[in-house]
Amino acid sequence: RAAMTGHLVFSTLHTNDAVGGITRLLDMDVEPFLLASVVKAFIAQRLVRTICPDCVQWVDYPREYLAEIGFPVRELGARFRRGAGCDQCRQTGYQGRAAIYEICSVTEPLRKLIMQKRDGGELKQCAISEGMETLRQDGWRRVAQGKTTVEEVVRVTQTDEVMAQSLSRSRQDRQRPARCPPADWDDTRYLIPRNSRIASP
């Protein structure tokens, strides 16, 4: 109600990513027209461990591995750092933490999808096409800046990527036409007469 009268309101939700805030509010029976007209943005954040400055060293990764995890070598380069482990970081290679963010602004195309109650996968694809950077993309930038490691970003954002892939597969399954049985398939063999009884083993 405060947001509807022009006040700037901040609130928190437990979701996996920024777009998850939309689906969570819809699940909480918030009217789509209110959500689309009142909310300005959703922000998700995760903490990644930062590289220990006392034992930092340069490392290389196979190009196949970088391609598999989706690291944008062409845009960010292929120079990586990692902590070797020392007494200052208790042999972990990390010291301190930094935040990575995902900011989803509610743009006009996204408002239309919210009004239609589209699923989270479609909402996220729309947000990305409107310029949103995912948590993993922001994490890659931290890697390129030498603040954290590839392994740390993969560890922190792995759940999000798995969920995104499963949503993508579910959309493909819905779009795939259903398989029909062969023309000579006889399903009457599996019908049970109405008055018959099934003996228990």
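Mentor: The model is predicted: local features need pLDDT of at least 70, side-chain atom pairs count only at pLDDT 80 or more, and totals for chains, interfaces and linings use all residues. Residues are numbered from 1 along each chain as its sequence is written, and side-chain values use heavy atoms, with hydrogens and water left out.

Trainee: What makes up the protein, in helices and strands?

Mentor: It has 8 helices and 4 strands. Helices are DSSP runs of H or I with at least four residues, strands are runs of E with at least two, and both are numbered from the N terminus. The order is α-α-β-β-α-α-β-β-α-α-α-α.

Trainee: Why is Y101 called partly exposed?

Mentor: Buried means under 20% relative accessible area, exposed means over 50%, and partly exposed lies in between (1.4 Å probe, protein chains only). Y101 has 36%, so it is partly exposed. This residue is found in strand β4, residues 94-105.

Trainee: Which residues of helix α1 are buried, and what covers them?

Mentor: In α1, residues 20-27, the buried ones are G20, G21, I22, L25 and L26. Their cover includes α2 (32-38), β1 (41-51), α5 (108-115) and α6 (120-129).

Trainee: What makes a set of residues a nonpolar core?

Mentor: Its members are buried Ala, Val, Leu, Ile, Met, Phe, Trp, Tyr and Cys residues, joined through side-chain atoms within 4.5 Å. The largest such core here has 19 residues. I22, L35, F42, C104 and I114 touch the most other members. Helices α1, α2, α5 and α6 and strand β1 each supply at least two residues of this core. A second, separate core has 12 residues, including V59, F71, V73 and F80.

Trainee: Which residues does I22 touch, beyond those up to four places away in sequence?

Mentor: I22 touches L35, F42, L110, I114 and L123. Contact means heavy atoms within 4.5 Å.

Trainee: How much of the protein counts as buried?

Mentor: Of its 201 residues, 33% count as buried. The protein exposes about 14,100 Å², and carbon and sulfur atoms supply 50% of that. Accessible areas come from the Shrake-Rupley method with a 1.4 Å probe; for residues, only the protein chains shown count as cover.
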